Amino acid sequence: MIFCFSATGNSKYTAECIATDGEQLISIASAVDRNAYDYAVSDERVGFVSPTYYWTLPSIVSEFLEKLTLNYDRKPYLYYVATYGTTSGASASMAEHILRGKGLSFDACFDIKMPDTWTPIFDLSDPESVQKRLRRSTEEIAELKDQIGRKVRGKHMGLTTPYFTGKIGRSMYNRYTRNTANLKVMETCIGCGLCAKKCPVHAIEMKNGRPVWVKQKCVMCLGCLHRCPKFSIQYGNGQTKKHGQYHNPYTKI
Ligand SMILES: Cc1cc2nc3c(=O)[nH]c(=O)nc-3n(C[C@H](O)[C@H](O)[C@H](O)COP(=O)(O)O)c2cc1C
Ligand code: SF4
Ligand code: SF4
């Protein structure tokens with residue numbers, strides 16, 4: 001059983017690659033939608049795969065973990081995989097902290113470097129460097145699958161940061177970044193409604209053929225910005241247009 005949140009496909013692709021034949025993949029976004037927080041576990045392994053946001057967890061992932069209950073007779077091998085662009089920071093420690101509150105802990109934590117979808121800062125406009133990164137990520141995922149298959153224990157992560165940095169990141173993310181006022185729609189919008197349909201927290205509604213943000217805060221996953229067919233949604237700092245759109249080409253999102 002693998003729980004996964006993914007806005008632009010990196011984490012979904014990772015989860016799909018590490019899943020064994022017939023293993024259940026559970027979308028955290030649709031679980032939250034269905035209020036589905038209780039799971040009977042008979043698998044030997046339970047994984048969580050999530051992007052890193054601000055050195056911590058996407059808000060939807062921390063909310064899901066807070067409410068999650070796993071019921072089992074025999075404790076499964078529990079692992080966490082952070083996908084990230086520059087550093088997974090304290091995201092694994094933040095997830096671990098939530099699980100510890102439930103008397104659970106991860107047997108292992110991993111991370112996988114991917115193209116960095118935070119395009120208010122990072123530039124994904126060069127297809128060659130994106131492809132180069134994805135080739136290396138795919139190699140790293142194959143190694144990860146092997147490690148999970150062997151149920152290795154411990155922290156197998158690149159550069160991480162201490163727990164307190166995750167708390168600082170979370171405070172910036174919650175206070176400033178998650179404000180939907182940061183998102184703007186351009187004149188090029190054709191009113192297709194895809195952004196509203198795909199938003200994991202239903203923060204967008206179509207009104208008079210245009211997307212309108214109806215919640216003050218969202219996950220700020222940038223799924224709407226990256227997946228718009230006309231690239232008509234931009235983030236307020238004016239950098240995203242030149243940094244390009246991205247979704248992982250190896251999975252459907
Ligand atoms: C709001 C936001 C914040 C991010 N913060 C970080 C970060 O702190 N460190 C990092 O390495 N990558 C960061 N990223 C990049 C993503 O973690 C990375 O690209 C991830 O693989 C995206 O996963 P997905 O395609 O499954 O949504 C951020 C992306 C977003 C949208
Ligand atoms: S996905 Fe893009 S084009 Fe479609 S409604 Fe949203 S902003 Fe407009
Ligand atoms: S409004 Fe856009 S950035 Fe915010 S959660 Fe929805 S899809 Fe993600």
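Which residues of the largest nonpolar core touch the most other members? In this predicted model, they are Ile 28, Tyr 79, Tyr 80 and Val 81, within a core of 53 residues. Strand 6 (residues 77–84) supplies the largest share of this core, with 5 residues. Domain 1 (2–173) and domain 2 (179–243) both contribute residues, and the core therefore lies between them.

- In soluble globular proteins, nonpolar side chains tend to be buried together.

**Helix 1**
- Helix 1 (residues 10–18) is largely enclosed by the rest of the structure, because 7 of its 9 residues are buried.
- The buried residues of helix 1 are Asn 10, Ser 11, Lys 12, Tyr 13, Thr 14, Ala 15 and Ile 18.
- These buried residues pack against strand 1 (2–4), strand 2 (25–27), strand 4 (45–51), strand 6 and strand 7 (108–113), as well as helix 5 (127–149).

**Ligand surroundings**
- Around ligand 2 there are 14 residues, of which Cys 189, Cys 192, Leu 194, Cys 195 and Cys 228 come nearest.
- The shell of ligand 2 comprises 10 nonpolar, 3 polar and 1 charged residues.
- Ligand 3 has 13 residues around it, and those that come nearest are Cys 199, Cys 218, Cys 221, Gly 223 and Cys 224.
- In the shell of ligand 3, 11 residues are nonpolar and 2 polar, with no charged residues.

Terms used: Residues numbered from 1 in each chain as written. Chains lettered and ligands numbered in written order. Predicted model: local features only at pLDDT ≥ 70, side-chain atom pairs only at ≥ 80, totals over all residues. Near = placed C-beta within 6 Å. Nonpolar A, V, L, I, M, F, W, Y, C, P; charged D, E, K, R; others polar. Core = buried A, V, L, I, M, F, W, Y, C linked by C-beta atoms within 7 Å. Buried ≥ 20, exposed ≤ 12 C-beta atoms within 10 Å, placed from the backbone. Helix = DSSP H or I, 4+ residues; strand = E, 2+ residues; numbered from the N terminus. Domains from an automatic or database assignment. Contact = placed C-beta atoms within 7 Å.
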